[in-house]
Amino acid sequence: MQEHITIERLDLKEAQPDPAGQMYELIQKLYPICRSLTGNGVRDTLKILQKHIPLTIHEVPTNTPVFDWTVPKEWNIRDAYIKSSNGEKIVDFNKCNLHVLNYSLPIQKKVSLDELKRHIFTLPEHPDWIPYRTSYYTENWGFCLSHNQLSALADGEYEVCIDASLQNGHLTYGEYFLKGQTEDEVLISTHICHPSLANDNLSGIALAAFLSKHLSTLALKYSYRFLFVPGTIGSITWLCQSESNVGKIKHGLVLACLGDPGKVTYKRSRRGDAEIDRAVIQVLRQSGDPYEILEFSPYGYDERQFCSPGFNLPMGCLMRTPHGCFPEYHTSADNLEFISPQSLADSFSKCLSIFNLIETNAAYVNLNPKCEPQLGKRGLYRAIGGQTDAKAGELAILWVLNFSDGNFSLLDIAERSDVGYDKLKSAADLLTEHALLRPHRPVIAK
Ligand SMILES: [Zn+2]
């Protein structure tokens, strides 16, 4: 029984100097790499992350069965282009890796314009943008062009070349485990399978990397596990290989699309009212910023796997603008200009507040429960906050004293009182210092 666990407050002020700038720089570095479900793009990405955090790189062989799925063949690409009949490269993978249908079969041949058009994807509604398309589970080849590029193609013969390979190899993912004071875990997962797209999901990758780097400097109650996995097949593979461990996961978040200018959106876990759901909502509510809460649905990112009925993990998905809800989604316009260090910083700060809440949430026992203690003689009357905040501080003290009978955690009190969690925690710390309160027990989610 861990009666007294001391937790250093997770404080953004202790963060690396300018994590926002560093996150943005990391994104700039990762942006040109052609990632996919498998292959060297993922490896190169993880190797760059290893310069920031000591993550372990796992390699799972092609054809490994993982629940109802099988680890796919490994895809690698070196070059791709379309040449016109006069030898001019009119589409070049080296200029933009979105030009190739991700997981395209290798091909080198001459084709008519009609045949070429059957393998071209465009976005007529945004004629300057190049779409991002994949063909993971159907063997195909293709190119993605701006609609204007397609319109400019004259009749004639074209040379198409996709210098790629689709062979037995491995699925690669990264894992960083931070040992805390208990075996109970917080699982943070982010997808690493998209090529040059900034918000979806280099923002999630950079955020997870710098959050884990920051947490590694603190004394933590929970152990934290950060996963950098290809979408769907990566989380399925990890779940299959880690099944005996998942009972330790008490809270979790999938991080995606966290660099755009939109408000923060949180999609609840399948459970709907897990402590992580309540913690995120509390943090967003007390931030004073606009936010949106979505109910769970079996569509979206890897929460689909983590929240499948056989696991039903307490994991929600934290985003800014959700996938599909911004026009730039899965296009060349999801670029370095679409995201900003400010949005990344805001996402970082809110994630730390969420971790801070789950780390420190606890129930307390009022040691002077018969009527209110006299605060004035202890110097506690209006002792919290500045002049303008004094009333709120007093209110926080009264709420904590009244509900500290061991049955209510600070999060329970925050929800019931509408006094922000941070104020209640400060009040609880102060009352503990003055021997009016003691922790009842560490609140560890069941
Ligand atoms: Zn995506």
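## Sheet

Strand 14 (residues 264-267) and strand 15 run parallel and are joined by four bridges, strands being DSSP E runs of at least two residues and helices H or I runs of at least four, both numbered from the N terminus. Within this pair, Tyr266 has Ile293 of strand 15 as its bridge partner. The model is predicted, so local features need pLDDT of at least 70 and side-chain atom pairs count only at pLDDT 80 or more, while totals for chains, interfaces and linings use all residues. Residues are numbered from 1 along each chain as its sequence is written, and side-chain values use heavy atoms, with hydrogens and water left out.

The open sheet has eight strands in the order 1-10-12-11-13-16-14-15, with mixed pairing (two strands pair if DSSP finds at least two bridges between them). Its edge strands, each pairing on one side only, are strand 1 (56-61) and strand 15 (291-294).

## Helices

Helix 6 (residues 233-241) lies across strand 1, strand 10, strand 11 (185-191), strand 12 and strand 13 (249-255), and runs at about 65 degrees to strand 10; axes are lines fitted to C-alpha atoms, for helices over the stretch in contact (heavy atoms within 4.5 Å), and angles run from 0 to 180 degrees between N-to-C directions.

## Zinc site

His194 (NE2), Asp200 (OD) and His330 (NE2) coordinate the zinc ion at 2.0 to 2.1 Å, donors being N, O and S atoms within 2.8 Å of the metal (3.2 Å for Na, K and Ca); water is not among the atoms, so the site may look incomplete. Both His194 and His330 are buried.

Terms used. Buried < 20%, exposed > 50% of the residue type's maximum accessible area, 1.4 Å probe, protein only.
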